[in-house]
Amino acid sequence: MLSESCTIAGQVFFKRAMVDGRAAWKRPAGIAAGIVAMTAGFFLWLGLLHQYELSYLYPFEGCDRIILVAACTVFLKERLTRELTLGMLLIVAGTVLVSVS
Amino acid sequence: MPGLPEVPPPSGRRWFLHPLLLIGVSVVMSSASQILFKRATTAMGQNGAIGPGLFASGALWAGIVATLISLVTWLNALRSVPLILAFNLSAATYVVVPLGCWAFLGEGIPPVRWIGIACVTLGVTIMARPLSRLEERL
């Protein structure tokens, strides 16, 4: 979960930097913050990869959809439409199935 | 569609900057990097601790290059696609990575995992539709 949270935080920083970062310093600062957050997640991930099969471990990342929806709604004010909800539910169901296989 | 107001008009935009293409390249590069990282860590042996020796692995560096390409294409896609949509479209990695593991690492895919992969594929297809429609309208 810590690895997932770092990844989502990085994505929110990236999105903010690419959309709002019109001031000269804002875009590089936002991208740098995103890279720092994602690097932390990356090293946690490498440690896990060392011990488990990738095809088993990777689907657990499916949990990040739920964290992402919350983050996008709160920090980016993005809306979840019916199609997005349906697609997301299928993806979460799919990742759960892959995880338990 | 609410939540998709940011896609800029196609006029003046080059074809290789199409958001769906950028997300697709990002997905392929990200999946390739995961397989390369797995190769790099597996080469160290199951009981060896991860240490500086890992950085001598060519697979690790190839994975890092693939990650950088994935990051650049991803950042460009984020300029015009809402994160909530782009991130869910990137779930295509849940299809590409297991298939890559099967093809390149020799890992098996049990039947239940195939069903899961099918669910993810369907979910990504449903999510890709609104973006494609918006692109056509513009």
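Good morning. In this predicted model, 36 residues of chain A are in contact with 38 residues of chain B, contact meaning that C-beta atoms, placed from the backbone, lie within 7 Å. On the chain A side, two or more residues each come from helix 1 (2–20), helix 2 (26–49), helix 3 (54–57), helix 4 (64–76) and helix 5 (82–100); helices here are DSSP runs of H or I, at least four residues long, numbered from the N terminus. Helix 5 of chain A supplies the largest share, 13 residues. By type, this side has 21 nonpolar, nine polar and six charged residues, where Ala, Val, Leu, Ile, Met, Phe, Trp, Tyr, Cys and Pro count as nonpolar, Asp, Glu, Lys and Arg as charged, and the others, Gly among them, as polar.

A word on conventions. Residues are numbered from 1 along each chain as its sequence is written, and chains are lettered from A in the order in which they are written. Local features need pLDDT of at least 70, side-chain atom pairs count only at pLDDT 80 or more, and totals for chains, interfaces and linings use all residues.

I turn to helix 4 of chain B, residues 93–105, whose buried residues include Tyr94(B), Val95(B) and Cys101(B); buried means 20 or more other C-beta atoms within 10 Å of the residue's own, placed from the backbone. Cys101(B) is buried because 22 other C-beta atoms lie within 10 Å. Its C-alpha atom is separated by 9.6 Å from that of Ser31(B), 70 residues apart along the chain. Just after this helix, Gly106(B) takes a positive phi of about 75 degrees.

Finally, Val120(B) touches Ile91(A), Gly94(A) and Thr95(A), among others, not counting residues up to four places away in sequence.

Notes
Contact = placed C-beta atoms within 7 Å. Buried ≥ 20, exposed ≤ 12 C-beta atoms within 10 Å, placed from the backbone.
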